[in-house]
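Subject: A structure for you to look at

Hi,

Here is the structure I promised to pass on. Please open it and keep it beside you while you read my notes below.

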Amino acid sequence: MGATNHTLQALLPWLLLFVQQAAAASGGCECTTATDGADKQGAMKLKLVAIASILTAGAAGVLVPVLGRSMAALRPDGDIFFAVKAFAAGVILATGMVHILPAAFDGLTSPCIHKGGGDRNGFPFAGLVAMSAAMATMVIDSLAAGYYRRSHFSKARPLDNIDMPGDEEGRADHPHMHAHGHSHGEAIVVSSPEEAAIADTIRHRVVSQVLELGILVHSVIIGVSLGASVRPSTIKPLVGALSFHQFFEGIGLGGCIVQANFKVRATIIMATFFSLTAPVGIVLGIAISSSYNVHSSTAFIIEGVFNSASAGILIYMSLVDLLATDFNNPKLQTNTKLQLMTHLALFLGAGMMSMLAIWA
C-alpha cells in the first residue's frame, strides 16, 4: 500500500501543474474563439449532473468485482471472472487505442501549435510519448515486482514455520524458490504452491497500482476538459458516454484489485481514488473555466502529452499484464468453451468501448 501512496504523491504535482498551465494558457493561440451555443447556466446544470452520474458509475463499476468476490460465480478462480476480466481488458485497450491516443495526436498536431494549417509532416510526438510511457511502465512493473518479492522473502520467510515437504537442506533452499521453477546454477529449484501464490499476488498488486495510475491521469484530463466547457450541446452527449466509460474502466480496475488480495483499507482507498478522480477533474475545470482556453497552444501541448502517456500505459497494461497473462493460463488453454467465452468477452468489451467514441 506504501507504493500506492508514493505513486499518488508523485502524480499529484504533475496533475496540478497541468491544471495551472492550462489555466495560464489563455493568452495563447486562439483557433476557435466563437461562442456559438455557449450557455454557462445551462452548462453548469449539466456539469452537476455529470459529477453525480460519473461518480455513481465509477463507484458501481469498481464495486462490481470487489463485492462480487463473495459470490461463487465471480470468484477470481472462476470461469465467469475470466470472461469479466477479458471484457474489462478490451474496454481498457479500446480506451487507450480509440479514445485517448487519437486525441493525443490531434492535440499535438493542432493548427494552434503549428501555425499555418498544422505541421502534417512533423514528428509524431504523440507516438513517441506513448511508446516511452509503455516502456517506462514495463520498467516500473519489473522493478516494483522485484521490490515486493525481495521485501516479502526478507521479512516474511524467517518467520515462516510452515513445514514443507523434504529435508532440512531442502528447507534451507526454500527462500530462493520462485514461481516458475527455473534452474539457478547447478541446482534445479521447484516452486511450492505457496510460492506460486505469493508471486501471483505480488504481480497482481503491481498491475493494479500501475493500471490505476494510468486511469487517474486520463480521468483528470477528461474531467477538466468537461468542466471547462460552456456549451450544453458539447456536455450533454459526454455525460452518458463518460458514465459508461467510467463504469467499464471501474470493472477492469476492480478485477485487478480483487486478484491482488489487498486489505479492506487499501481496497477502499484505491476504489475511492478512482471514483473521485473524474468528478474532481470536473470541479477543477469549473474552477478555472473563466481563464481556461481549451484552444490555446499550451493547453493542446499539455493535454496531448498527458493523453499520450496515459494511452501508452493503458495499452501496455491491457495487452501485457491483463490479456497475455490470462490467455496463456493453462486453465484457459485447456478449456475450449472458456476460450470462446473469454474471446467473445474481449471483442465485446473493445467493441462497446469503441462505439462510445462516436459521442465522446
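A residue counts as buried when its relative accessible area is under 20%, as exposed when that area is over 50%, and as partly exposed in between. Lys85 has a relative accessible area of 10%, so Lys85 is buried. Please keep in mind that this is a predicted model.

Which side chain does Lys85 meet in a salt bridge? The partner is Asp326, with 2.8 Å from N to O. Asp326 belongs to helix α9 and Lys85 to helix α3, so this pair ties together parts that are 241 residues apart in sequence. Asp326 is buried too, because its relative accessibility is 9%.

The count of salt bridges comes to 2. The other pair is Lys331 and Asp79, whose closest N and O atoms are 3.6 Å apart. Here helix α10 (residues 330-333) holds Lys331 and helix α3 holds Asp79, so the bridge joins parts 252 residues apart in sequence. Both ends are partly exposed: Lys331 has 34% relative accessibility, and Asp79 has a relative accessible area of 33%. In general, side chains of opposite charge can pair when their charged atoms come close.

Now have a look at the two helices themselves. Helix α3 (residues 79-108) packs against helix α9 (residues 297-327) at an angle of about 155°, and their axes are 8 Å apart. Angles over 145 degrees count as roughly antiparallel, so α3 and α9 are roughly antiparallel to each other. The crossing of α3 past α9 is left-handed. In their contact there are 21 nonpolar, 8 polar and 2 charged residues.

Enjoy exploring!

Best wishes

Technical notes
Residues numbered from 1 in each chain as written. Predicted model: local features only at pLDDT ≥ 70, side-chain atom pairs only at ≥ 80, totals over all residues. Heavy atoms only, no water. Axes fitted to C-alpha atoms, helices over the stretch in contact; angles between N-to-C directions. Helix = DSSP H or I, 4+ residues; strand = E, 2+ residues; numbered from the N terminus. Parallel < 35°, antiparallel > 145°, perpendicular 65-115°, else oblique. Left-handed = near helix turned anticlockwise from the far one by under 90°. Nonpolar A, V, L, I, M, F, W, Y, C, P; charged D, E, K, R; others polar. Salt bridge = Lys/Arg side-chain N within 4 Å of Asp/Glu carboxyl O. Buried < 20%, exposed > 50% of the residue type's maximum accessible area, 1.4 Å probe, protein only.
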